[in-house]
Amino acid sequence: MATAVIANHELDMDAEGFLQKPDQWSQEIGIDIARQVGIDPITDRHWRVVRFMRERYLQTGQAPTIRTLGKESGVSTKELYQLFPKGPAKLAARIGGIPKPHGCI
Amino acid sequence: MSDSIEKVSIIISKGSFEGIYPGLIMANGARMEGIEANVFFTFFGMDAINVKHYEHLMVATVGNPGLHIPTMIGGIPGMSAFVTHQMEKKMAELDIPPVPEFITLLADSGAKLYACKASVEMFGLTREDFIEELEGIITVGDFYGLAAGGQIIFT
C-alpha cells in the first residue's frame, strides 16, 4: 500500500488517492484533498455531502449510492452534480477519507 | 486520442426490462465518473421514457436463453410478471431505482435524454407521450452530431 503526505500527515492511500484508513482523516486533510481535486474553497454544502458519505461508511462499512446521497444527504441530485461535477460519490468519498465506493449505482 | 473517456452516447433500442436497464446503468455510471452522457431511445427502447409504459416494463421470459427457463415454462401466463418481480426485488436490495425514478435521477445528474424521431413517427407518438425531462426528439443525424468526439454504445 502506498503512502502520501497530506497536510503534514503520512497517510495510507491507494493509487487513485483514496485513504485506506478512515481514522487517519481530519478535516484539515479533507480541505487539502478538496483543493487537489479542484474544489476550492470547499463550502458548507460540500461538507454536508462529505460528512454524510463518511458517517454512512463508518456506520455500515459501505459508501452510500448516488441514489441514497440524493435522497438522504439533504442535497438534491442536481446540486450534488453542481457541487462535484467530476462525480459526487467518488469525490465526496475521497475528500471524506474513505475508500473508493465499489457500487455501480 | 485521450486515454480517458470524456463523453458517451448510449442507444437503448429494446423495450424489455433487461433491454433497458443496462443502458440506464451505463449512463448513470458515466455521470458518476464525471463523464458527459447522452441517451438516445429508439424503437421499443422508447418505452423507458413513455409515461404510459415506463412503470410496467417486463422481463422477456420467452426466447431468453440466459434465464435458463424452458420456453414452454417461460410462456405460462404470469411468468414474465413473476420473474420481473423477483428481479425488481433484487435490484431494490442493491439500491437500483425503478425505471421512472432512474430516468429522473439521470436527468437530474445532467445526462441528456432524447427520443428517435423516426421511431416516434413510426409509432405515431408525440412529445406528450414522453417524460417531461426529455431533451428533445431528434434525428439520427442530430444524434451523431451530439455524439461527435465521444464513444457510442448500442444496447
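In which loop of chain B is B:Phe43 found? B:Phe43 is located in the loop between β2 and α2 (71-74) of chain B. This is a predicted model, in which local features need pLDDT of at least 70, side-chain atom pairs count only at pLDDT 80 or more, and totals for chains, interfaces and linings use all residues. Residues are numbered from 1 along each chain as its sequence is written, while chains are lettered from A and ligands numbered from 1 in the order in which they are written.

**Overall form of chain B**

Chain B has 6 helices and 5 strands, where helices (H or I, at least four residues) and strands (E, at least two) are DSSP runs numbered from the N terminus. Read from the N terminus, the elements follow the order β-α-β-α-α-α-β-α-β-α-β. The radius of gyration of chain B, 16 Å, is close to the 15 Å that the globule rule gives for 155 residues, so the chain is as compact as a globular protein of that length. That radius is taken over C-alpha atoms, and the globule rule is 2.2 Å times the number of residues to the power 0.38. The C-alpha trace of chain B spans about 50 × 35 × 25 Å along its principal axes.

Of the 155 residues of chain B, 32% count as buried; a residue is buried if 20 or more other C-beta atoms, placed from the backbone, lie within 10 Å of its own, exposed if 12 or fewer, and partly exposed in between. Two residues are in contact if their C-beta atoms, placed from the backbone, lie within 7 Å. Among contacts in chain B between residues at least 6 apart in sequence, 71% join residues at least 24 apart.

**The sheet and its helices**

Chain B holds an open sheet of 5 strands in the order β4-β3-β2-β1-β5, with parallel pairing; two strands pair if DSSP finds at least two bridges between them. Its edge strands, each pairing on one side only, are β4 (136-138) and β5 (151-154) of chain B. Strands β2 (residues 36-41) and β3 (residues 112-116) of chain B run parallel and are joined by 4 bridges. B:Phe41 has B:Ala115 in β3(B) as its bridge partner.

Helix α1 (residues 17-32) of chain B packs on the sheet and touches β1 (7-12), β2 and β5 of chain B. The direction of α1 makes about 165° with that of β1(B); axes are lines fitted to C-alpha atoms, for helices over the stretch in contact, and angles run from 0 to 180 degrees between N-to-C directions.

**Backbone exceptions**

Most residues other than glycine have a negative phi, and most peptide bonds are trans. Two residues of chain B with positive phi are listed below.

| Residue | Phi | C-beta neighbours inside 10 Å |
|---|---|---|
| B:Phe43 | near 45° | 17 |
| B:Asp95 | near 65° | 14 |

With these neighbour counts, B:Phe43 is partly exposed, and B:Asp95 is likewise partly exposed. B:Asp95 lies in the loop between α3 and α4 (99-108) of chain B. In chain A, a cis peptide bond with omega of about 5° joins A:Asp40 and A:Pro41. A:Pro41 belongs to the loop between α1 (27-36) and α2 (44-60) of chain A.

**Contact between the chains**

The contact takes 15 residues from chain A and 14 residues from chain B. On the side of chain A, the elements giving two or more residues are α3 (66-72), α4 (77-83) and α5 (88-95). The largest share, 4 residues, comes from α3(A).
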